[in-house]
Amino acid sequence: MTNTMLQPSFQQSRTIEHLVQGVPTSDGAGVKLTRILTGQALQKRLDPFLMLDAFGSDKPEDYIAGFPNHPHRGFETITYMLAGRMRHRDNAGHEGLLESGGVQWMTAGRGVIHSEIPEQEDGVMEGFQLWLNLPAQNKMAEPWYRDFANAEIPTYVNPDNAKVHVIAGSSNGVTGAITRAVTEPLYLDIHLPAGSTFSTAVPEGHNAFIYVYRGAVNVEGVEVASQRMGIFHNTAEADGVTVTAGMEPARLILVAGKPLNEPIVQYGPFVMNTQQQIRQALEDFHAGRF
Ligand code: CO
């Protein structure tokens, strides 16, 4: 953990454009989750991000079946486990155990078939899965995978005692576990004591949102309640974000990235640029070419 006295340097804090409430659904073999980012309009608005799911339950029947073998092509999946244990296996020979506070970053590229199965029979399982698009030129790249244990994720405390886990990108001089060219993702988990404030630069032109999972925060006069996504305006010269916790401690993730501005064609777990590429993905998958 680093104590940083760096003051955020940016000109103008972003304001909230609108709030989104997730939709309860289930996926895999019946895992209950809340789908927060979904659908063409939000995918376009939050380019390069394609999906955000939140899962959280202390009832084993909500998560125990996990996600048996399924394919992906054309993007990256980032799983952040707040609490719980989940075993990943894929057809590229990777295997890993994702535990509380850890992150799994998988680049599906031209194709991965994997399973994500809970390795617990009771207790709380809570976390997020975020899908990050790949640029057209990298959609057929070699698959890549890495697990980061909680201790491998850089963390700092700001002057207001907010604790920040830097999963990707960099914030207030601290570089995260992962940096990526092209989409330049920023992914922070921010723990705010009651009444405290957190600020960070977010590059002008990048799309950005927060999702509050404990307490509530205030952003330039707009309250973002628990289990709400707040999408930030992406206006010229707005190059930073400031959030303040309410009367209770708050926790939230902040996600930002550089838009690709390329066509998005999704068919379930395949995200490509054209219908023809989707047909090819299905053909390759059914012919065992993943
Ligand atoms: Co998957």
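Select Gln 227 to begin: it sits in the loop between strand 22 (222-224) and strand 23 (228-232). Helices (H or I, at least four residues) and strands (E, at least two) are DSSP runs, numbered from the N terminus. Gln 227 is not a glycine, yet its phi is positive, at about 65°. The model is a predicted one, in which local features need pLDDT of at least 70 and side-chain atom pairs count only at pLDDT 80 or more, while totals for chains, interfaces and linings use all residues. Residues are numbered from 1 along each chain as its sequence is written, and side-chain values use heavy atoms, with hydrogens and water left out.

On a 1 Å grid over the protein atoms alone, a pocket is an open set of points with protein on both sides within 12 Å along at least five of seven lines, whereas a cavity is a set where a 1.4 Å probe fits but cannot get out; lining residues have an atom within 4 Å of a point. The volume of the largest pocket is about 350 Å³, a volume being the space filled by probe spheres set on the points, with grid points joined across faces, edges and corners. Strand 4 (31-37), strand 5 (49-57), strand 12 (125-133) and strand 20 (207-214) each give two or more residues to this lining; strand 5 gives the most, with four. The lining has seven nonpolar, seven polar and five charged residues, where Ala, Val, Leu, Ile, Met, Phe, Trp, Tyr, Cys and Pro count as nonpolar, Asp, Glu, Lys and Arg as charged, and the others, Gly among them, as polar.

Next, select Asp 27, Phe 67, His 70, Gln 129 and Trp 131, which lie nearest the centre of the second largest pocket among its 18 lining residues. This pocket has a volume of about 260 Å³. Strand 6 supplies the largest share of its lining, four residues. By class, the lining comprises eight nonpolar, six polar and four charged residues.

From His 70, move to the cobalt ion. His 70, His 72 and His 114 coordinate the ion, each through NE2, at 2.1 Å; donors are N, O and S atoms within 2.8 Å of the metal (3.2 Å for Na, K and Ca), and water is not among the atoms, so sites may look incomplete. His 72 lies in strand 6 (residues 67-72) and His 114 in strand 11 (residues 112-118), so the pair ties together parts that are 42 residues apart in sequence. His 72 is buried, at 3% relative accessibility, and His 114 is also buried, at 0%. Buried means under 20% relative accessible area, exposed over 50%, and partly exposed in between (1.4 Å probe, protein chains only).

Now display Val 31, Phe 55, Tyr 63, Gly 66, Phe 67, Met 86, Pro 118 and Met 125, which line the largest cavity. Its volume is about 40 Å³, and the model has three cavities of 30 Å³ or more. Seven of the lining residues are nonpolar, one is polar and none is charged.

Two backbone features complete the tour. Asp 47 and Pro 48 are joined by a cis peptide bond, with omega about 15°; Pro 48 is in the loop between helix 1 (40-45) and strand 5. Finally, select Asn 261, in the loop between strand 25 (250-257) and strand 26 (265-267). Asn 261 has a positive phi near 55° and is exposed, at 66% relative accessibility.
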